[in-house]
Each structure stands twice: as C-alpha cells, then as structure tokens.
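Colleague: Before we discuss this model, could you show me the sequence and the coordinates, and then take my questions one at a time?

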Amino acid sequence: MSVDLSNVRNIGISAHIDSGKTTLTERILFYTDRIHAIHDVRGKDGVGAKMDSMELERERGITIQSAATYCNWKGKDINIIDTPGHVDFTVEVERALRVLDGAVLILCSVGGVQSQSITVNRQMDRYNVPRISFINKCDRTGANPERVTGQLQDKLGLNAHMMQLPIGLENDLEGVVDLVTMKALYFEGDNGEIIREEDIPADLQDQADEKREELLDAVSMFSEELMEAMLEETEITPELVKEAVRAGTLALEFSPVFIGSAYKNKAVQPLLDAVNSYLPCPTDVENLALDLDNEEEEFPVSNDSDDPLIVLAFKLEDGRYGQLTYVRTYQGTLKKGDSIINSRTGKKVKVGRLVRMHSDDMEEIDSCGAGDIVALFGVDCASGDTFTDGKLTCSMSSMHIPDPVISLAVLPVDNKAQVNMSKALNRFTKEDPTFKTFVDHETSETIISGMGELHLEVYIERMKREYNAEVEVGAPQVAYRETIAQRAEFDYTHKKQTGGSGQFGRVAGYMEPLEEGEYEFEDKIVGGAIPREFISSCDKGFKKSMEKGVLCGSAVTGVRCVINDGAFHAVDSSDVAFQLAAIGAFKEGYLKAKPTIMEPIMKVSVEGPSEFQGSVMGSINQRRGMIIGTTEEGNYTVVEADVPLSEMFGYSTTLRSLTQGKAEFTMEFSSFKPVPKSVSEELIKKYQEEKKQ
Amino acid sequence: MGKENLVANNPLRALGLEKENSDSGQRVGLVMARAGLGKTAILVQIAMDSMLRDNKVLHVAIGEGLEKTSSWYTDILNLMSQEQKIDDFQEVVNEVMQNRMIMTFKENSFSPATLEERMVDLAEQGVFKADCLVVDGFDFTDTDSSSALNELKGFMEKNGLKMIWFSAVSHRDDDRVSENGIPAPCHEVDDLFDTVLLISPDEEEIRLKTLKCSSACTVDAGKSLTLDPATMLIKKA
C-alpha cells in the first residue's frame, strides 16, 4: 500500500493554560466536517469540547490527557494531538512532540508569551519541531498581537513574523489581512464558516504594505528565487512567498505568526491553510531509530510504507473496550491481523483491532502506512515501546522522562476500594511514566508520586471516578533523596554462628559519589576472597540499602560501591549472609561518607503586575527561594526563582491574597540540591521519631 | 580549596578593583567596545569578582533576556573554575549565586527612577540589598543620558553602593574622543567615571585597555590586559 506522504501532517497543539487550544481544536474539527456543532470548553450546554473527553477535564476547563484526532483539510490528512497546558502534565506534551512532525503554538493575545509557552517552546526545541504560532483571543480587551509577536522574538528567540494583520481588535475584530495574498478576509455565517475575500481596507493599506515588506525581507534569505524577484523588482507571487516561508519554517529558522479568535470563529481556516502549507509532512523531517544489533547505532527511518515495519507506542489509555495503545508508524505498513514484535520484551503480539482515533470516537481501519498515527486494541506494552515485524531489531530513540518530585500516601477506605485502587494504580503507572507507586514496607502505606500537586490530585480523582476507589489521602510529601559527598571505606563481617545453621560473610571495599547515574557496583575481588556465587548477593545487599537511607528514610542515589576484599565460611556462608554483610558494610561506609539529604528544587516563575513585585519577591524569599531575577515589561513583571518544593505547598493561596488574585505562577522541576543544615536536622529528627513509633 | 583561590588568582587583581569597592568611597566604572566584542563578558567578570568577595551585585540588563544574562554568569564561573582548582564547585556556585540578582528591562521601560523604586522595594522587603550595581545596555546616545547618570550616581551615594559599572557601545565611524581619550558616545560624560576600560582587538589578540584609572587603581592609564578570544576571560599577565 502506498500513501502519498506529502499529504499527511502530524501536528501537535501546545500552549499555556487557558490560551484556548481546546476551543481552537473544536473549531478545526467543525470546519473540517468532523463534528457538526461547536461546544465550548466550559459551555452552558453541558456537552463540553470534543477533545476534553475526560469528565475531570471538562470540569476544570483544562486538558489533562492528550487526545488524538484526525481530520482532512483541502486534501491533506491531518493528525492532531491536543496536548495539556499544565506543567505537571509535561510528559504528555513531550510524548506528543516526540511523535509529531510539526506544531502549532497557541498564545493569548493579552497574556502573550507566558511561562508555560516558554517551557513548551523549549520542549519543541529539544525535539526539533518546526512550529507556527497562532495568537488567539484577539477579541479580548487588551489584545495586542504585535506585542506578542515581539515577545516570540525576544522571549523565545524565534524569528517570528506576522503573516496577517488584524482588521480591528478587541470587540471590533472583523477579520484579517493576508500579507501573502494582500487580501482582506472576513468570516461570516453563524460559525464563521463563510469566508469573504475583499480588498484591503484603505486605512490599513500603508500598514499592510510596510508589514509585507518586513515579511519579505525576513523570508527572502530562504529562497533565491524570491530574493532575485525582489532585487529585480519583478512580480512576487504568493507561491514564491509561501515556498520561502515553508523552507524557513522547516529549517527551524523562521516562525510564521497567525492571528484570530477561535471563540469568535475568526481566522481559523487560514491557520489550517498554514498547517498544510508550512508544516512538514513525515518525509520532511528526519527521525532516527537505534539499531539494536549494532551497538544502538542511529539510522534514519525511511518513511516508506513498503519497508520493514517500525512502530512506536507513545501513549496508553484504558478505554471502555480495554487497553488502547496510540502508535505512530515510522516505516512499513501496519495491518489488522499482523503479528508484530515488541523490541524491548521480544514478545510477539497480534494486531486485533486497528482504529483511527477521534477523541472518544473511533473508526475501524484495516491498515495504516508510514507516517500515520493510529491506535491498537489489546496490545500489552508500556509507553515508549517499539514494535517491528521481526525483520529489524531496532528501537526508536528513548524519551526524556523526568523523575517524580512529590508523593503522598493513599489509604483505601475498605476492601472493595483496595481492589479497585490496585487496578487503577496498575493502569496509571502503565499510562504515565512520571506517575509511580510503591508500598512503604514499614508503614504498609501505598505511596503515589508524581510531578506536582495537581498531577497527583487528578489521579486521585480518577481513582474515585473511573474505578470507584474511595481513598483517604495523606499530606503531600516531598520526595527527598540521600547521597554521599565523599569516599569512605567499609569492612564488615556478618557473623551469626551460635546454634543452628550459621551465617557468615565479610565484605570490604569502598563507596564513592557517582557523578552521573543512581548506582554502580564494581567487583574488584581477586583470589576468591568472596566466591563468585556470592558477588551478586553483595550487589543485592547494596541495592537494598539504597532503597532507604539512614538519615531520613529517603532513597539513596549517586553511589558507586566497590568491593575488593572479603571472607567466607565453607558451611555458614550463603546468599542471605552476604546480603546482610553488604547491608552492614553499606551502613558502615555510608555514615563515614558524609551523607547528605537532597531536596527537589523547582524553577518557579511568577507573573503579575509590577506593583506587586516586591511582595512577590518577599514571599519567595520567605520560602527559602533564590531569586534569579526579574523581567519587567510594561506593567507586568515576571519573577524567576529556584525554590524548594517543600516550601511551595499552598503557595497559590498566598500569591492570590498578596496580589488580589492578579498574579499567577508555574513551576517545574529543576534539580536536586542539598538541604540546609537546619532543615536536615529537622528531617533527621522527624524520621527518628517516626521510627520509634 | 574554595572560592578564595578564584579571588586571589583573578587577573582583575591587576586593576586593583578590590580597592575600588572598599569602604573608602564609591566608584563608577565603564567598559567600552564596539558591538559584539564582549562587553557583557567583562562586566560579568567584574561582577563575579565582587560576588566572590561577598558583595551583593544587582545586574541590570537592558534589552536582554533573563536566561541569557544568567547563563553568562554560569559560563564565566565554569570557565574560571577550569583554570583554578576548586574542591566543591557546586557549593561555591550555590554560595556565590546567592549574591546576585538580575533585573531585565525593555529598552523603553528602563529609567533610573524605576530602578531606584525596585531596589528600595527589595531592600525594604529584606530580599536583596545591593552593594554593587552592573548596568548593561544603558543608552549613552540618549540626550538625557548625562542626567540619568547623575541620578544613578546620586542614588549610589544615598544608598551606600560601593560601585556601579556600565557598558557602552563605541562605533568605528565615530572618531570623537574626550581629552582623556574616552570615545563617543561617552566622551562628554567621562568626568563621571573613575575607571574606563576599552576592549580593543589587535591583529593577534584582544586587549583590555585602561583608558582612565582612578587613584585607587593599580595600573596606569594606557596599560592593557589581554583577553582570551575563545573564552573572553581576562588572561593573567
């Protein structure tokens, strides 16, 4: 089966919270005839937007899980992933970007480039995603698309230029002037579906000429033909400009900016035209796979539907009909009934049902070719797994997954809730690699951990709503870590030879800080001081010790353990004896290795009116925050700081009262840093008291 | 060894800057160069030296982003640490960066009055009380620049700031100079500065020339230091 890939677009829609991306997606689906009525995100009709399929998403008015949908616009098949705006759900954004070829960055014409836009832009840079921008909400009071375009240049470093001029702004927004065709576009009909093309209004002509000149200057470097036409002053056709814009966008050196108001149904269709014209098709971008037979050497995938199959599972969801696995086909053809092999596990699975997703609805399909995004039913795998048809042994490059920074205890209220909670947690951990769960053996509590308060809150809500698992929730706890600061020797003998079968093992060596990675074990034993069969027991003992540090009971990381001597007893030495000897040795060395407690530090960005700058900075200072600096622009100031996560609980309430609700903040994990001495002492004391109880 | 090493072996010692921000008086300095020659790198080295000596430095970046300005400090400190042995580099970074705050302004939103308001606010909230001020991107071509400089100098004296350093862009095609040899656009305000340094590329190397030096300075006007063109770090004589 051969599909013309130049007619395929895999795009993501990313933005700051409340920039209106779900509303925009709703309009896109309407104009492409995928839905036949428009519903608002927080609409009074109680239906909610199509892409916010989770009940909780509709209630909160934010997108939590990304949903995939498909539409066709003027002959191009567009796969859209609507991605979440909250930083706690960053992994969803990252996963989407990994499999997409291009993206639309949505910005609010009033709020402009906000902290989450910066985060999303950074993620797009990481995955080399060509992007176009859409400045939404031009109907709002204070709308200023030109200022936002300036911010795209200054704050995001994009070579961003407006492709359109607004005809009126705020309440008077009527349409846009297309600077490529030099025509005015008006959007009429109940839902803006009728586009009326007119000459540019006389009062905008000079401004349009000037802006077009600027645009041509900016894109001429991407097309020799355009540059020649400009120098020779011959006719500059829209096609010539479009080619130059496309070349600049694909090379990530130019970023076209479109404007409009999705809510008021203004200028969404030109954005769709831009997706077709300027965003890449699967063959325009190079995707690399790792050859597992050849020391993971990178090789580009072919994008050819006739080549051996390579498929990446990038998202799992527990749907009404079982596990749904979203996949992108990078090369080859995936057919219903095929047997495919999971490169990680080596397991063969059969493709039962193959569907094209449209948020909650789906279309059964028989096959899909290279570049397509579809979903499979009943395929057991983890997010990020690669599937092949067995002709290749490869994996798509790994995805960047951040470590969880916050945890809390969940206690089911009864036996039924216990069973349901287990099912839910099993599902969530498979779906979301940043969500982790374990049982604390000392307290028998189930602990869940994730990327922020909202992240965990959403999963608790989902447990209740989707799995009927009523749970009591403990206070959020920061995921501290322990590590060592210097090298220390150990020499420990575990000896229990008083009656019955004895235990004996001696383990000697040293531990030292590990620059990168969590744990390393090295065996430097010579002459059989510890028999071969007990070397792995020592490793196991060390690993067990790393699970819980002695200072505050947090996991230990960044330790390299080396054993270079030991002793054994012909009868009394055993696996258990050497594990216990290693645990003793670890404890002995650990206390000498200057153990320290590390805490997660968050990069916090507070944005609000400049008049509150002092109070905002004061509040950060009180929270042990280190202020990096401020950016003042007009009446708004952004304060950026590194603040310990433990100090950020309840900050939204504090900020609200300090700034009369006019400031907002976002935070994301930055790094682990040692806690100050006073905090360390407090944590140690608290842990000792807990142990006594 | 910790940060003492970075202080003792800093090539800036040759300029005697540690005397400049002593309690004896306030000093105003200027780094000049043509566009793109590394004024910010020099300003950051001066600021870093001050921070390493436990002074609080407020870096005001006009027309430049926070992230870029912040990364100058990280880069310069990394480069400095490669030249000097430091036992616990991360600890030094954490300690030194506590002494720095960055404020960025758009070109059109900066004014000495706004800066003063912000600085007083920060001091009153107990967040940050600057000892030294670094102003990168100040527009000396503005007709009001002289009064703005005087305003800042007045603020400096009122609030006990030890020093202020500015950067200014000189232009190849503007050959106006003051009696002291200070190029335009600062030739008419050169009396406001105690120390003026000029980055000047020769055929083989980049030099940091001392155009003007106050009595506390240990080099004579006309002497120069050399810059490493790869890192823009001042080289040891």
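Colleague: What percentage of the 693 residues in chain A is buried?

Modeller: This is a predicted model, in which local features need pLDDT of at least 70 and side-chain atom pairs count only at pLDDT 80 or more, while totals for chains, interfaces and linings use all residues. Residues are numbered from 1 along each chain as its sequence is written, with chains lettered from A and ligands numbered from 1 in the order in which they are written. A residue is buried if 20 or more other C-beta atoms lie within 10 Å of its own, exposed if 12 or fewer, and partly exposed in between, with C-beta atoms placed from the backbone. By that criterion the buried part of the 693 residues in chain A comes to 49%.

Colleague: And what percentage of the 237 residues of chain B is buried?

Modeller: Chain B has 7 helices and 8 strands, where helices (H or I, at least four residues) and strands (E, at least two) are DSSP runs numbered from the N terminus. Among the contacts in chain B with a separation of 6 or more, 73% are between residues 24 or more positions apart, a contact being two C-beta atoms, placed from the backbone, within 7 Å. Of the 237 residues of chain B, the buried ones make up 41%.

Colleague: Which element gives the most to the side of chain B that touches chain A?

Modeller: The contact takes 19 residues from chain B and 18 residues from chain A. On the side of chain B that touches chain A, at least two residues each come from helix H4 (66–83), helix H5 (89–97), strand S3 (100–105) and helix H6 (112–124) of chain B. With 5 residues, the element that gives the most to that side is S3(B).

Colleague: Which residue of S3(B) is the bridge partner of Thr630(A)?

Modeller: Strand S37 (residues 626–633) of chain A and S3(B) run parallel and are joined by 4 bridges, and strands count as paired if DSSP finds at least two bridges between them. For Thr630(A), the bridge partner in S3(B) is Met103(B).

Colleague: Apart from its neighbours within four places in sequence, which residues are in contact with Val134(B)?

Modeller: Val134(B) is among the residues with the most contacts inside the largest core. Once neighbours within four places in sequence are left aside, the residues in contact with Val134(B) are Leu43(B), Ala47(B), Val57(B), His59(B), Val60(B) and Trp165(B).

Colleague: Why is one side of strand S31 and of strand S33 of chain A left without a neighbour in the sheet?

Modeller: The open sheet has 4 strands of chain A in the order S31-S32-S35-S33, with mixed pairing. Strand S31 (488–496) and strand S33 (519–523) of chain A are left without a neighbour on one side because each stands at an edge, with a single partner strand.

Colleague: In S35(A), which residue is the bridge partner of Tyr519(A)?

Modeller: S33(A) runs parallel to strand S35 (residues 559–567) of chain A, to which 5 bridges join it. In S35(A), the bridge partner of Tyr519(A) is Val559(A).

Colleague: Which residue in S23(A) stands opposite Ile341(A)?

Modeller: S17(A) also pairs with strand S23 (residues 386–388) of chain A, in the antiparallel sense and over 2 bridges. The residue that stands opposite Ile341(A) in S23(A) is Thr388(A).

Methods
Core = buried A, V, L, I, M, F, W, Y, C linked by C-beta atoms within 7 Å.
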